[in-house]
Amino acid sequence: MSKTQQPTPAGNEPAPHELDPERIIDVQFERACAHLTDIDPGLIQVLRRPRRTLTVNVPIERDDGSLANFVGYRVLHNRLLGPGKGGIRYHPRVSLPEVGALAALMTWKCALVRVPFGGAKGGVTCDPKHLSERELRHITRRFISELGDNIGPYTDIPAPDLYTSSQTMAWILDTFDAMHPGKNNLPVVTGKPLELGGSEGRDEATGRGCVYSAERLVSLGAVPGLSELDGASVVIQGYGEVGRVAAQLLHELGARIIAVSDSRGAVLDPEGLDLSALARHKAATGSVLGFDESRSITAAELLALECDLLIPAALGGQIHSGNAGQVKARLIVEGANRPITPEADDILTDKGILVLPDILANAGGVTVSYYEWVQNIEHHTWPLEEINSKLRVRMNDATDRVAARWRQFTPPADETAPDSQRRDLRTAALVESLERLAHVLKQRGIWP
Ligand code: NAD
C-alpha cells in the first residue's frame with residue numbers, strides 16, 4: 001500500500017477527509033511538484049494559492065414575501081495567462097474550499113489546453129430544486145451585482161456549472177449589461193443561449209472533448225489491449241449532458257455502451273444499449289431507471305463492470321479507496337471534475353488501469369467557451385464544423401503532449417528503493433500545465 005492510501009473504512013465508504021476537495025487538489029499538486037525539481041519552489045507555491053477570494057451575502061425576497069439570505073463565493077485562482085474563467089454552481093453543498101479547489105483545477109485545465117484564460121470558480125449555497133425560477137433569477141442578479149467589477153470580459157468570465165444553465169448565463173449578461181451600458185458585454189459570460197451570443201457546439205463540447213481525447217490516446221497505443229474504439233465496451237456513470245454526448249459519439253465510432261446510470265439508478269445490456277430508445281425512455285420518465293430493454297443494476301455494480309472505457313460523468317469523489325479495487329476498466333475517462341480520489345488513483349495505478357484526467361478529458365467545455373468569447377469579441381459566429389474541427393486539433397495536441405510527458409517519466413533504477421514520484425497521466429498533465437505556468441510567471445515577474 002502506498003503512503004497516501006488510507007485503510008478502507010467500514011461499509012466501503014471512504015473516510016470524510018479522503019473526499020476533502022482542498023486536500024485532493026493539494027495531493028495532486030504535490031505529486032506534480034515532485035517532478036518539477038528545476039523550478040524555484042517559491043514560484044511553484046505562488047501558483048497554488050488563489051489570487052482573490054470573495055464571499056458575498058445574497059439576500060432575496062421569496063415568492064411568499066419572506067426574506068432569505070444565501071451566501072455566494074467567487075474565487076479567482078490565477079490570471080497569469082488571461083482573464084479568470086470558471087463556472088458558477090448553485091447547490092446546497094457549495095462551500096469556499098470546494099469552490100477554491102475547482103478554481104485551481106480551472107487554472108491547470110486552461111494552461112494545459114493552451115486557451116488564454118486563468119482559473120476561477122463561483123457558487124451560491126442554495127437548493128435550486130426548492131427555488132422558483134423567479135427566485136433563482138433574483139439570486140443571480142443580486143449575486144452578480146454584489147460581485148460588481150470583480151467579474152468582466154477581460155478580468156473574470158463565469159460560465160454554467162452544476163444547476164446553472166444558459167438561462168442563468170442570460171440573466172448574468174443582462175445584469176452586467178445594465179451595470180455597464182454602452183459596451184459590448186457579451187464576452188462577460190459564456191454558455192449563453194445561441195440567440196444571445198452563445199456558440200454552436202458549446203452544449204456538446206465537454207462530452208465531445210472526452211471522446212476526442214480518448215480516441216487520440218488509444219490511437220497512440222497508450223492503452224494496453226485497446227487499439228481502437230470500434231467494438232470497445234463502455235460504461236458511463238452520469239447520463240447527463242456530458243455522459244449522453246460521449247455515449248452517442250462513442251456509439252457512432254462503433255463502441256458498445258453497455259451500462260449507464262443517473263442519480264436514480266443504473267441499467268445494463270451487455271450487448272449494447274439502444275441509445276435512441278433510451279433517450280425516449282429518459283425523456284418520458286426523467287431517468288434511465290426502468291428502461292425495459294435492459295437489466296437494473298446498482299451504482300456499485302456499474303463501477304465494477306468489466307469494460308474497456310469507464311466514464312465517470314456525474315460528481316466528484318465517486319471512485320475512492322472503498323471501491324477502486326473493484327474497477328475492471330482498461331481506461332477511465334474523467335468527464336466529471338475530480339471523480340477519483342488520490343487513494344483511488346494509487347489503487348488504479350497498481351492495477352494497471354489508466355486514467356485520462358479531468359483537466360485534459362473534460363477540457364472541451366472551456367475550449368469552446370473560449371471560442372464563444374472570441375466570437376463575441378469579433379461580433380462574429382463560426383459554423384459548427386469549424387468549431388468541432390478546432391476542438392479536435394486542440395484536444396489532440398494536449399493529449400499528445402500529456403502522453404509524451406508521461407512516456408518520459410522513467411522509473412527508478414533500483415525498483416526496491418522507496419519511490420515518491422507518481423508516473424500516471426494525471427501527474428503528467430499537471431506537470432505539463434504547471435511547468436508552463438511557472439515559466440510564464442517567471443517571464444512576467446512577481447509584482448512589484
Ligand atoms: P448534468 O447535470 O447534465 O448531468 C449529471 C448527471 O449525473 C445527471 O444525469 C444526474 O442524474 C447524474 N448523477 C448525479 N448523481 C449521480 C450519482 N450519484 N450516480 C450516477 N449519476 C448521478 O451535468 P453535466 O453538465 O453532464 O456535468 C457532469 C459532470 O461533468 C459534472 O461533474 C460537471 O462539473 C462536469 N463538467 C461539466 C462540464 C460541462 O460543460 N457540462 C465541463 C466540465 C466538467
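Q: Before we start, what should I keep in mind about a predicted model and its numbering?
A: Residues are numbered from 1 along each chain as its sequence is written, and side-chain values use heavy atoms, with hydrogens and water left out. Because this is a predicted model, local features need pLDDT of at least 70 and side-chain atom pairs count only at pLDDT 80 or more, while totals for chains, interfaces and linings use all residues.

Q: OK, the sheet then. In what order do the five strands come?
A: The order is 1-2-4-3-5, in an open sheet with mixed pairing. Strands here are DSSP runs of E with at least two residues, helices are DSSP runs of H or I with at least four residues, and both are numbered from the N terminus. Two strands pair if DSSP finds at least two bridges between them.

Q: Which strands are at the edges?
A: Strand 1 (52–61) and strand 5 (156–160) are the edge strands, each pairing on one side only. From one strand to the next, the twist averages 25 degrees.

Q: How does the chain get from strand 3 to strand 4?
A: The chain crosses through helix 3 (residues 96–113), in a β-α-β crossover that is right-handed. Right-handed means that, with the strands pointing away from the viewer, the path from the first strand over the helix to the second runs clockwise.

Q: What about strand 3 on the strand 5 side?
A: Strand 3 (residues 84–91) and strand 5 run parallel and are joined by five bridges. In strand 5, the bridge partner of I88 is P160.

Q: Which helix lies across strand 1?
A: Helix 4 (residues 133–147) lies across strand 1, and also across strand 2 (67–78), strand 3 and strand 4 (119–125). Helix 4 runs at about 140 degrees to strand 1, where axes are lines fitted to C-alpha atoms, for helices over the stretch in contact, and angles run from 0 to 180 degrees between N-to-C directions.

Q: Why is strand 4 described as largely enclosed?
A: Six of the seven residues of strand 4 are buried, so the strand is largely enclosed by the rest of the structure. Buried means under 20% relative accessible area, exposed means over 50%, and partly exposed lies in between, using a 1.4 Å probe and protein chains only.

Q: Where is K121, and is its side chain in a polar contact with anything, or what does it touch?
A: K121 is in strand 4, and at 3% relative accessibility K121 counts as buried. The side chain of K121 makes a polar contact of 2.9 Å with the side chain of D161; a polar contact is a pair of N or O atoms within 3.5 Å, and within protein one must be able to donate a hydrogen and the other to accept it, with residues adjacent in sequence counting only if both atoms are side-chain atoms. Leaving aside neighbours within four places in sequence, K121 is in contact (heavy atoms within 4.5 Å) with residues including Y73, R74, G86, V99 and N337.

Q: Switching topic: which residues come nearest to the ligand?
A: Of the 20 residues around the ligand, T206, E241, V242, S263 and A314 come nearest, a residue being near if one of its heavy atoms lies within 4 Å. An oxygen atom of the ligand is 2.6 Å from an N or O atom in the side chain of T206, and an oxygen atom of the ligand is 2.9 Å from a polar backbone atom of E241.

Q: Which peptide bond is cis?
A: The bond from W447 to P448 is cis, with omega near 5 degrees, and P448 is in the segment after helix 14 (425–444).

Q: And what is the phi of R114?
A: Phi of R114 is near 60 degrees, a positive value in a residue other than glycine. R114 is in the loop between helix 3 and strand 4, and at 38% relative accessibility R114 counts as partly exposed.

Q: Last one: is R31 buried or exposed?
A: R31 is buried, with a relative accessible area of 8%, and the place of R31 is in helix 1 (residues 21–33). A polar contact of 3.1 Å joins the side chains of R31 and D346.
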